[in-house]
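Subject: Structure handover and notes

Hello,

Here is the structure you asked about, with the sequence alongside. My notes on what was found in it follow below.

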Amino acid sequence: NTMASGQMSRDEALECTSCRHACHVMLYSETASQLFGRIPIRYIVLMQMRFDGLLGFPGGFVDPSEETLEEGLTRELLEELGVAVPISTEDHVESCFSLPCSGKYSSSSRLILHFYVKKIEEDQIREIEKAAASTAADHGLEVLGMVRVPLYTTKSGGGLSSFLSHSFIGVARSQLINSLLRLHLVSPGALREALRGSQR
Ligand code: APR
Ligand code: MG
Ligand code: MG
């Protein structure tokens, strides 16, 4: 039963007209660049430092009565990144109630989180980073800066494990971990190692 775990399909989610909806996306690309000229980076994964000091994915609140989830997400990307990266339903990964459902969100104002993943070109990543730090409307306000996720582990045990030990908004940390595994951006063994390190 997927409802019990808080998960639902995109269509099921949209049936809840009294719910608030928020959409976020993990943008990533392949790269041939190497750290110190010897550690292959392999992939660039974009996250951001938010106004609340937490790491998260770009995106935000969408009102499905005014625009589609994907149009709303693209609009949020224009505000936060300075680039209107087009997001489509094919990029949708999962929708779920924000947990815990009690507390901050009463049953009449439940929040449904929609998560997307989109692979783009390294050139686009660089364009986004440039725009996000200059022309983006939210720069220095809702968004303090874009960050790349280190996917490697250094000799001293730094890298992904240190990154994962920071504080994340909502379910962003598990969205990141699940995506890295599902897309084979890191191996299960390397991830296990990093998770062990991040608990120290
Ligand atoms: N996982 C779970 N929840 C998330 C994630 C995530 N990865 N990212 C964001 N959220 C939650 C946030 O806690 C917030 O409640 O989703 C909601 C909307 O996401 P934001 O990106 O924060 O919203 P945005 O529309 O970009 O603008 C921020 O929210 O707190 C207000 O007044 C503040 O105007 C501001 C707005
Ligand atoms: Mg926003
Ligand atoms: Mg946002």
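I will start with the strand pairing. Strand β8, residues 92–97, runs antiparallel to β9 and is joined to β9 by five bridges. Within that pair, F97 stands opposite I112 of β9. Please keep in mind throughout that this is a predicted model.

β9 also pairs with β2, this time in the parallel sense and over nine bridges. One of the facing pairs there is L27 with K118 of β9.

β2 in turn runs antiparallel to β5, with three bridges between them. E30 has Y43 in β5 as its bridge partner. Six of the eight residues of β5 are buried, so β5 is largely enclosed by the rest of the structure.

Overall fold

The chain has six helices and 10 strands. Its radius of gyration is 17 Å, close to the 16 Å from the globule rule for 200 residues, so the chain is as compact as a globular protein of that length. The C-alpha atoms fill a box of roughly 50 × 40 × 30 Å along the principal axes. Of the 200 residues, 30% count as buried. If you take the contacts between residues at least 6 apart in sequence, 67% of them join residues at least 24 apart.

In soluble globular proteins, nonpolar side chains tend to be buried together. The largest nonpolar core in this model holds 40 residues, and the members that touch the most others are V25, M26, V45, L46, L73 and Y116. Elements that give two or more residues to this core are β2 (20–30), β5 (43–50), α2 (69–81), β9 (111–119), α3 (122–132), β10 (143–148), α4 (160–164) and α5 (172–182). Leaving aside residues up to four places away in sequence, Y116 touches C23, V25, L73, I87, D91, H92 and V93.

The ligand

Loop residues to look at

L151 lies in the loop between β10 and α4. Is L151 buried or exposed? L151 counts as buried, because 21 C-beta neighbours lie inside 10 Å. Beyond residues up to four places away in sequence, L151 touches R42, Y43, V45, L160, L185 and V186. L151 and L191 are 40 residues apart in sequence, and their C-alpha atoms are 8.8 Å apart in space.

R42, one of the contacts of L151, is found in the loop between β4 and β5. R42 has a positive phi of about 70 degrees although it is not a glycine. With 14 C-beta neighbours inside 10 Å, R42 counts as partly exposed.

F36 is another non-glycine residue with a positive phi, here about 60 degrees. F36 sits in the loop between β3 (34–35) and β4 (39–40), and F36 is exposed because it has 6 other C-beta atoms within 10 Å. For background, most residues other than glycine have a negative phi.

H139 is in the loop between α3 and β10. H139 has 19 C-beta neighbours inside 10 Å and so counts as partly exposed; the cut-off for buried is 20 or more. Not counting residues up to four places away in sequence, H139 touches A132, A133 and S134. H139 and R196 are 57 residues apart along the chain, with 34 Å between their C-alpha atoms.

Regards

Terms used: Residues numbered from 1 in each chain as written. Chains lettered and ligands numbered in written order. Predicted model: local features only at pLDDT ≥ 70, side-chain atom pairs only at ≥ 80, totals over all residues. Core = buried A, V, L, I, M, F, W, Y, C linked by C-beta atoms within 7 Å. Buried ≥ 20, exposed ≤ 12 C-beta atoms within 10 Å, placed from the backbone. Helix = DSSP H or I, 4+ residues; strand = E, 2+ residues; numbered from the N terminus. Contact = placed C-beta atoms within 7 Å. Rg over C-alpha atoms; globule rule 2.2 N^0.38 Å. Pairing = 2+ DSSP bridges.
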